[in-house]
Amino acid sequence: MDWGTDLWDQNDVIDKHTQSGLDLLERYIKFVKERTEIEQSYAKQLRSLTKKYSKRGNKEEQECKFSNHASFQEILNELNDYAGQREIIAENMTAKIYEKLTKDLQDFKQERKTHLSDAKKAQQNLESSFKHLESIKKRFAKEWAEADKATQQAERTESDNNATKPEVDKAKNHALARTRTAEECRNSYAAELQKYNKEQKHFYYSEIPQIFNKLQDMDERRIRQLAEGYCLFSHIEKNVLPIISRCLEGIAAAGTKIDEKKDSKLLIDQHRSGFERPADVEFEDYSQGVKPANPDSGLNPLKVHKRKFFKKHKVPSQEDFSHLPPEQRKKKLQAKIEDIGKELTKEQDQSEALDKMRGVYEQNPQMGDPSSLEPQITQTSQNIGRLRGELTKYETWLSEAVGGEDSSYNTNNNTQLGISAHQNSSSNIYSEFDDEFEDIESPVGQCTALYTFAGNSEGTISITEGEQLSIMEEDKGDGWTRVLRASGEEGYIPTSYVRLTP
């Protein structure tokens with residue numbers, strides 16, 4: 001069934017129907033645009049929310065050691081990834097539905113306008129032919145009436161006994177001329193009528209059906225495009241549901257990670273002072289003439305203890321952390337020793353690198369002047385001496401704090417840690433030192449690709465599901481992470497497409 005055969009006489013109906021279809025397409029385009037704006041606004045609000053409640057600063061980093069604090073931070077991270085998926089929904093709806101259908105709508109409007117213009121032009125041509133036929137028909141009727149009138153006049157003249165022969169001949173000749181003219185008009189009218197009928201048949205059986213069939217094809221294509229747009233509206237969101245589900249599972253997992261007993265133990269380990277509880281206050285018998293030695297005697301010690309334990313007093317910080325309770329002092333000294341050990345390892349690595357570089361310069365003078373490295377070597381040696389002195393000083397204070405029971409263990413452990421780190425660092429960093437001199441950016445972590453991502457945009461790279469990646473730059477809140485593939489390719493990928501590897 002087609003419009004050209006069954007709706008050949010319904011031009012107005014087809015006009016209104018195709019316009020109604022384009023109006024629907026335009027409404028759907030506006031609907032999708034508003035939906036994408038809602039998604040973008042929702043994602044933006046979620047990102048602002050997570051940023052507002054995310055922990056920042058040293059104090060908050062300390063709190064994040066507690067499982068209930070850390071889990072809340074994980075929830076915020078998962079919610080931030082969830083916001084990224086809402087942004088992907090908005091981007092895909094914009095590109096695959098809104099922009100495509102907007103272009104299709106313009107094409108359909110132009111195509112419809114062309115077809116309706118062709119139909120109108122064909123109608124006007126047929127009407128013009130009909131008007132021409134009517135004018136020829138009227139002339140034929142007029143000439144035939146004049147011929148009939150002339151014939152009747154000739155007959156009356158011939159039957160008139162008073163008419164002369166010239167008058168009779170004149171009347172007959174006039175009637176004959178009129179009759180010939182009428183016959184010519186009759187033949188012209190017949191020919192024009194045949195031509196018009198042929199044009200009319202072509203109009204109704206060929207020209208108009210073809211135009212209406214083209215409009216039908218256009219309308220059906222418009223319906224098909226709209227149907228695909230309806231399906232994409234669902235598929236685009238379904239495609240990100242696995243990642244959204246992972247985000248929601250991550251939120252639930254964060255809740256199950258909380259260990260209240262572990263948090264309580266951590267609080268104790270962090271703030272246990274090591275002080276003994278105060279002894280009983282001795283009874284002072286004033287009836288026996290005992291006088292207090294100072295104003296703080298009697299019950300005053302109780303007040304002193306109360307102020308000491310329930311009021312916060314700012315105590316000047318000491319280099320040996322002697323202003324802290326025993327347990328806290330011990331932990332601070334251990335942390336300080338560990339930091340100094342790391343700095344010492346770093347300086348030792350740099351010293352070895354400078355020595356190697358000087359050796360290369362001595363063997364290959366064209367590469368550089370060995371004497372130019374002397375200031376750096378001297379400075380590094382001074383730094384190593386200073387750090388060793390500080391390490392000895394803090395180890396001595398730690399021995400005092402722990403009473404010598406496990407200071408040797410901590411000292412040996414720290415020294416061994418420095419040697420091990422020094423050996424590993426040297427083997428990794430300087431294995432290709434003689435080939436090239438350049439700073440190598442170290443990864444800040446490792447991750448595993450959860451999904452395949454096709455990096456088509458500038459600055460992005462493609463990854464495959466399950467691929468191991470090195471994190472070169474963490475997500476700065478925009479939903480993108482810079483990674484390095486095993487092949488050496490480096491670029492940005494969506495943060496939600498990977499999982500951190502411990």
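Visitor: Which residue is the bridge partner of Gln 446 in β5?

Guide: Strands of a sheet pair through backbone hydrogen bonds, either parallel or antiparallel. Here Thr 501 in β5 is the bridge partner of Gln 446. Before we continue, note that this is a predicted model, in which local features need pLDDT of at least 70 and side-chain atom pairs count only at pLDDT 80 or more, while totals for chains, interfaces and linings use all residues. Residues are numbered from 1 along each chain as its sequence is written, and side-chain values use heavy atoms, with hydrogens and water left out.

Visitor: How are strands and helices assigned, and what counts as a pair of strands?

Guide: Both are DSSP runs numbered from the N terminus: helices are H or I with at least four residues, and strands are E with at least two. Two strands pair if DSSP finds at least two bridges between them. In this model β1 and β5 are joined by four bridges in the antiparallel sense.

Visitor: What stands opposite Gln 446 in β2?

Guide: Ser 470 stands opposite Gln 446 there. Strand β1 (residues 445-449) and strand β2 (residues 468-473) pair in the antiparallel sense over four bridges. Gly 445 of this pairing faces Ile 471 in β2.

Visitor: In what order do the strands lie in the sheet?

Guide: Five strands form an open sheet, and its order is β4-β3-β2-β1-β5, with antiparallel pairing. β4 (490-494) and β5 are the edge strands, each pairing on one side only. From one strand to the next the twist averages 45°; such angles run from 0 to 180 degrees between N-to-C directions, and axes are lines fitted to C-alpha atoms, for helices over the stretch in contact.

Visitor: Where do hairpins occur, and which residues in the turns have a positive phi?

Guide: β2 and β3 form a hairpin with six residues between them, and Gly 477 in the turn has a positive phi of about 100°. Strand β3 (residues 480-484) runs antiparallel to β2, to which three bridges join it; Glu 473 stands opposite Arg 482 in β3. A hairpin is also formed by β3 and β4, with five residues between them, where Gly 488 in the turn has a positive phi of about 100°. Five bridges join the antiparallel strands β3 and β4, and Trp 480 is opposite Pro 494 in β4.

Visitor: How do helices α2 and α4 pack?

Guide: Helix α2 (residues 11-53) and helix α4 (residues 67-159) pack at about 160°, with their axes 8 Å apart. The two are therefore roughly antiparallel to each other. The contact of α2 with α4 has 25 nonpolar, ten polar and ten charged residues; Ala, Val, Leu, Ile, Met, Phe, Trp, Tyr, Cys and Pro count as nonpolar, Asp, Glu, Lys and Arg as charged, and the others, Gly among them, as polar.

Visitor: At what angle do α4 and α5 pack?

Guide: Their angle is about 175°, with axes 7 Å apart, and α4 and α5 are therefore roughly antiparallel to each other. Their contact divides into 43 nonpolar, 17 polar and 28 charged residues.

Visitor: How do α8 and α9 pack?

Guide: Helix α8 (residues 326-363) and helix α9 (residues 374-402) pack at an angle of about 160°, and their axes are 9 Å apart. That makes α8 roughly antiparallel to α9. The contact of α8 with α9 comprises 14 nonpolar, seven polar and twelve charged residues.

Visitor: Which element gives the largest share of the lining of the second largest pocket?

Guide: Rolling a probe the size of a water molecule over the atoms shows where empty space is left. In the second largest pocket, the largest share of the lining, seven residues, comes from α4. By class, this lining has nine nonpolar, eleven polar and 13 charged residues.

Notes
Parallel < 35°, antiparallel > 145°, perpendicular 65-115°, else oblique.
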